[in-house]
Amino acid sequence: MGKAAEQATSSSIAPAMHEVVDGAGRTIRIPVSPARIISLAPSLTETVYALGLQDRLVGDTDYCDYPPDAQKKQKVGGAINPSLEQIAALHPDLVLVTKDFNRLETVRALETLGIPSYAIDPHTVADILSSTEKLADVLGAPDAGKALESELRQRLSALQTKLAGIPPRRVLFIVWTEPLISIGKQTFIADALREAGAVSIVDSQQNWPQMNMEEVVRLQPDYLVFAAAHFAGGEHDFDVLATQPGWDILQAVQNRRYAVISDAVNRPAPRIVSAIEELARQLHPEAFQAAPPPQKDAPASKPETTDRTDSFYPSAPFVGTPSSPAQEFSCAR
């Protein structure tokens, strides 16, 4: 083979490259369509699957458990302490990270190994949707990203139409019960609550503030909201909680007003829209009642026949290792 032919073959094999700016504001150089991807966060793994690009995912973390097929992928350790050796052995074109969960040390170590990483940094539900579309562009699947983002926005818009005019419920989202940990007002979970027709009683700039029970009693939330993983026992867990000091004098406990929703609410991924819809149904069932069947016009000659009964059918920049309960919660991200 001549030199010109060798050069032509080499150039045809080498992937086309381009520069993109990620959620951390970094400019990185990556293949136009990365063929080998590693995800270092469960939310990113979910997003890759939602975009239909799971065949390119060659590795993920020990905590990447959704969809179930993600558990079959090659594991590279935890999100906080992944194995750089295992990552390098998989020869990825791109490693996906989150700015507020994965460590800066990990990103720098990947740079030293010549492995590019792309970070997302969503803080609202709208950010989650837009970052999903941007990630699709980065992965060379813009059409899939536009279609998914459009579908999710339409679902949220339809939900807001249902909730229009209904006062929001004041809720306490419980990350942990002992110690009592909730969510700050700048988190994407707090924004998800707002989309579901709720507002957190917690007014804190901290992402995961520890709450004083006396303050919760003073504020008297309308509902308590739990993610399923931390309330697996359902009614039994609630009954146990109701016997604890302070909890028993909450009106929400006395009236058994609580909602348990999917753990998807803990992850900044497309599935959070399903969690929002699920929570809205529990907090505002009246908004989801089917409309009554349309009344037929009564015959003009017999107005007395119009009597009838109508029915209603209910239907932080690259953070370090978090502390104990927060760490377990964060691993869901």
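Predicted model: local features only at pLDDT ≥ 70, side-chain atom pairs only at ≥ 80, totals over all residues.

Residues are numbered from 1 along each chain as its sequence is written, and side-chain values use heavy atoms, with hydrogens and water left out.

**Whole chain.** Select the protein chain. Helices (H or I, at least four residues) and strands (E, at least two) are DSSP runs, numbered from the N terminus. Of the 333 residues, 46% are buried. Buried means under 20% relative accessible area, exposed over 50%, and partly exposed in between (1.4 Å probe, protein chains only).

**Strands β5 and β6.** Select residues 94–98, which form β5; this strand runs parallel to β6, joined by four bridges. Two strands pair if DSSP finds at least two bridges between them. Click L96: its bridge partner in β6 is Y118. Now select β6, residues 117–120. Which of its residues are buried? S117 and A119 are buried on one side, and Y118 and I120 on the other. In a regular strand, side chains alternate between the two faces of the sheet.

**R153.** Move to helix α6, residues 142–163, and pick R153. Is R153 buried or partly exposed? R153 counts as partly exposed because its relative accessibility is 36%. Show its contacts (heavy atoms within 4.5 Å). Leaving aside residues up to four places away in sequence, R153 touches A126, L129 and S130. Finish with V273: it sits 120 residues from R153 along the chain, yet their C-alpha atoms are 9.0 Å apart.
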